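Please keep the sequence and the model in view while reading.

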Amino acid sequence: MDDITKKLRTIINANPDIMVLKDAKGHWLEANMKALNIFGINNTDYKGKTDSELGNIYPIISKYVSQFVESDRMAWSTGKQTINDEVVVIDNQERYYEVVKTPIYNSHGVPECLVVIGRDISERIRNERRYKSIFVKHPEAMYVLDVEGDFIDVNKKAEVISGYTRVELLKMNFISLFLEHDHPEILKAFIEVKKGKTISMETKIRIKNGDIRYIHITTIPAILNGKIIGIQGIAQDITEKRREKVIKEAQSRLLELVAVGESLPRIYKKLVDLFEANSNGGKCSILFYDKGNNCLNVKYAPSLNKSFLSKIDNFPVGEKNASCGQAAYKKKLIIVSDIENDSSWGNWKECALDHDIRACWSIPILSTKGKLLGTFAVYYNRIQEPVEYEIEMVEVFSYILGLAIEKNTNMQAIKHMAFHDALTGLPNVRNLKHLFENIVEEQHIKNCNLAVLFLDLDKFKSINDTFGHSVGDMLLIKVAKRIQSIVGNNIVARMGGDEFIFLIQNVANESSAKDMVEIILKSIREPILIKESIFHITGSIGISMYPDHGISFDILMKKADVAMYTVKSQGGNSKRLYDKSMDEMALEKFIMQSELHNALKENHFVLEYQPKISLKNRKMTGVEALIRWKHPEKGWISPGEFIPLAEESGLILEIGNWVLKEACRQIKKWNKEGLVDISVAVNISIIQFIQQDIPSLISHLIKETDINPRYLEVEITESMLMKNEKILIDSVYRLKKIGVKVSIDDFGTGYASMTYLKQFRGDTIKIDRSFINSLPDNQEDSAIVTAIIKMANALKMSVIAEGVETKEQADFLSEIGCDEVQGFYFSRPLSAEMVHEYQQDFDS
């Protein structure tokens with residue numbers, strides 16, 4: 001018997017779960033070591049004691065005695081196995097257990113013993129809570145269905161999109177949200193997911209107020225123990241995005257129909273079908289204006305009741321004559337969202353309500369000269385206020401109708417719109433493709449080459465972001481006029497944005513093509529005056545040659561584009577002729593862009609720090625943070641290679657934020673290690689200032705890392721001062737208010753005047769290394785550096801010189817009053833670990 005007992009004890013001690021055996025009266029008969037260790041029970045004195053008696057001995061049990069006794073009672077009272085989740089605090093940490101209690105009876109049905117097994121499910125509970133937090137707070141709609149399609153759970157965003165409350169959704173089957181004619185497709189997808197597939201699709205739902213919303217859904221099977229128990233899904237509301245796309249595509253298709261001289265009836269049909277398909281139940285009418293009788297006649301309204309149409313034919317134009325009469329009279333959009341309570345409908349109110357028309361918006365159809373041609377109206381069988389995209393559609397469609405109606409007398413204007421850029425008046429790409437075919441044929445006959453040039457204005461986006469699109473548009477118009485006058489009989493077209501395509505005819509060879517390009521670039525560089533501001537812009541041009549680089553327009557344009565991006569990658573403001581190696585460069589650029597994303601995720605970036613040295617006491621006063629990329633395969637990659645790509649792709653925001661965070665974190669670490677009074681300078685891109693609130697971000701990071709703001713310094717380049725004055729004046733003021741120092745980097749390379757420096761009130765001027773290289777021998781550079789230092793002193797700004805590589809340079813700078821220096825003479829950039837050691841060695 002002892003052997004059996006030993007074996008039993010060995011078995012239960014091997015179990016990773018808590019195991020306790022109690023008799024029918026609650027006395028502990030046996031317990032495994034797991035149970036004894038958790039509750040701190042002595043292995044020799046627990047047997048024969050109840051929970052209450054053990055609670056008197058062991059405090060850790062005392063608080064749970066009533067809980068244990070009650071769950072025991074439940075097991076005995078039901079006579080069946082019970083399963084409950086219980087919480088126990090062990091070592092000041094909550095632990096969650098799934099407790100299974102199984103009552104055992106002898107052959108006569110008399111209670112014999114209770115088997116208690118407790119499984120630690122703490123990790124599972126924590127995971128469930130994490131999942132629930134993600135589920136609830138996710139920015140997109142998330143939902144869970146059972147295998148029948150009934151909602152089990154939804155997050156807040158699902159309520160927002162559907163218009164239903166969580167309580168309402170949990171009483172619904174998912175299929176009830178979808179439009180009836182879409183049910184077969186939706187149910188088919190639902191069945192596929194229940195078979196284990198993941199499905200993504202775009203579809204429509206009808207929300208609680210009756211509106212239609214477009215959503216993109218992704219559904220995956222929920223699997224437990226190898227069995228599909230339901231479906232999890234995420235839904236993104238793409239209504240606005242889709243509507244914007246629909247309006248743009250509809251406008252393009254309709255304009256094309258108008259431009260090619262399509263018949264009016266077909267244009268009416270296409271236009272009305274498009275509007276009604278995207279208007280949540282709206283029905284359209286097109287009425288023509290009869291000037292002789294000052295009335296409107298029904299021209300096209302396929303969805304409206306014929307009885308109603310007969311009543312509104314020959315509709316009078318006037319101030320109080322419903323929506324269409326008013327729109328024609330006032331020549332503006334009239335919105336009546338509730339006809340029953342709108343006085344302007346007067347005697348027409350009863351006619352509308354009798355035909356179940358409750359709302360009507362009407363807009364005049366005007367000629368390009370403002371002449372009234374008719375009205376375009378939308379009717380609803382419910383009270384309906386238009387949303388922004390509906391107003392945009394009404395305005396766009398009425399405009400297109402005006403163009404279509406004018407086509408017989410105004411065809412030239414319509415063709416110009418279809419084949420020319422609206423802003424600059426230049427041919428568009430569609431036009432250019434037609435012209436290309438004719439030009440190629442002529443060049444072939446003449447045995448001449450044709451050059452295709454792809455021009456992109458450098459850093460045009462920053463002008464748009466800083467000065468607004470109106471200034472950007474005026475700049476594009478002036479550039480277009482300038483380059484059009486340069487190319488003469490050759491063709492220049494606008495691609496869109498700040499991109500232009502040229503077809504240069506009768507080109508003798510590649511050299512003559514480059515000569516023409518240089519003339520174009522020179523004209524672009526000339527200053528441009530807009531609203532009393534002078535803009536200096538440059539361009540990058542790629543060149544491809546027919547027939548050497550291709551014979552089709554698309555191939556030649558693509559290769560010129562590749563050549564242009566090669567120029568961009570090398571700083572812009574130049575030209576390049578396409579060669580095959582550029583295709584490889586374009587591929588490398590694409591790969592590097594992808595690797596940049598990965599580098600952020602995988603922490604491949606590191607910061608190095610170049611010491612700044614005071615010339616007054618020869619002590620280290622701070623460092624400049626310099627980002628480095630350690631590629632796992634290619635090794636160290638220069639910032640000169642990846643920073644321009646990061647700016648172009650938009651990744652500069654994430655990389656810049658990482659640099660700021662890492663610099664603040666390192667400042668905190670150094671302070672803890674005793675390295676104090678060392679400031680860290682971080683260079684901030686203009687893109688970060690334009691697209692982010694940099695002062696707020698830095699303020700947040702300072703609070704988050706708990707550092708003194710005087711240890712952080714922001715560097716902005718001199719060229720940024722002039723091009724982005726409005727943004728930077730405010731940002732510099734706010735940064736200094738926080739306590740962060742601001743220095744002007746690369747000083748001397750731009751054209752910043754004393755006025756700019758007084759406005760920005762930076763703390764430090766950083767003289768560009770190009771002026772330091774030839775010191776002290778070059779008299780001109782010596783004079784410039786001396787003048788900069790005197791100017792800085794007058795403005796009470798300190799001066800630091802970068803790129804100091806010789807003792808002679810350091811001594812000269814010290815003599816003329818330069819405050820600080822940095823460069824290889826004192827130290828190369830160091831790792832964070834070496835900075836502390838360097839300070840100790842240098843200061844000693």
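## A covered helix

Against which strands do the buried residues of α13 pack? The model in which this is examined is a predicted one. The buried residues of α13 pack against β11 (283-290), β12 (295-300), β13 (315-316), β14 (334-336), β15 (359-366) and β16 (372-380).

Helix α13 covers residues 322-330 and is mostly covered, since seven of its nine residues are buried. These buried residues are Ala322, Ser323, Cys324, Gly325, Gln326, Ala327 and Ala328. Just after α13 comes lysine 331, which takes a positive phi of about 55 degrees.

## Salt bridges between strands

Side chains of opposite charge can pair when their charged atoms come close. In this model, the count of salt bridges comes to 42. One of them joins the side chains of arginine 95 and aspartate 120, at 2.5 Å from N to O. Arginine 95 lies in strand β4 (residues 93-105) and aspartate 120 in strand β5 (residues 111-120), so that the pair, 25 residues apart, links distant parts of the chain. Arginine 95 counts as partly exposed at 21% relative accessibility, and aspartate 120 counts as partly exposed at 32%.

Another salt bridge is formed by the side chains of glutamate 608 and arginine 628, at 3.4 Å from N to O. Because glutamate 608 lies in strand β24 (residues 605-614) and arginine 628 in strand β25 (residues 620-631), the pair ties together parts that are 20 residues apart in sequence. Arginine 628 has a relative accessible area of 19% and is therefore buried, as buried means under 20%.

## A pair within a helix and a network

The side chains of arginine 665 and glutamate 662 also meet in a salt bridge, at 2.6 Å from N to O. Both residues lie in helix α24 (residues 652-672), three residues apart, which is about one turn of the helix. Arginine 665 counts as partly exposed at 37% relative accessibility, whereas glutamate 662 counts as buried at 19%.

Elsewhere, salt bridges link Lys22, Asp51, Asp72 and Lys101 in a network.

## A patch of negative charge

On the surface, a patch of negative charge is formed where Glu244, Glu388, Glu392 and Glu395 gather. Helix α15 (residues 388-405) gives the most to this patch, with three residues.

How values were computed
Residues numbered from 1 in each chain as written. Predicted model: local features only at pLDDT ≥ 70, side-chain atom pairs only at ≥ 80, totals over all residues. Heavy atoms only, no water. Patch = residues over 30% accessible without salt bridge, like charges linked within 9 Å, V, L, I, M, F, W, Y side chains within 5 Å. Areas by Shrake-Rupley, 256 points an atom, 1.4 Å probe, with all protein chains shown as cover. Salt bridge = Lys/Arg side-chain N within 4 Å of Asp/Glu carboxyl O. Lys, Arg positive; Asp, Glu negative; His and termini not counted. Charge placed at Lys NZ, Arg CZ, Asp CG, Glu CD. Helix = DSSP H or I, 4+ residues; strand = E, 2+ residues; numbered from the N terminus. Buried < 20%, exposed > 50% of the residue type's maximum accessible area, 1.4 Å probe, protein only. Contact = heavy atoms within 4.5 Å.
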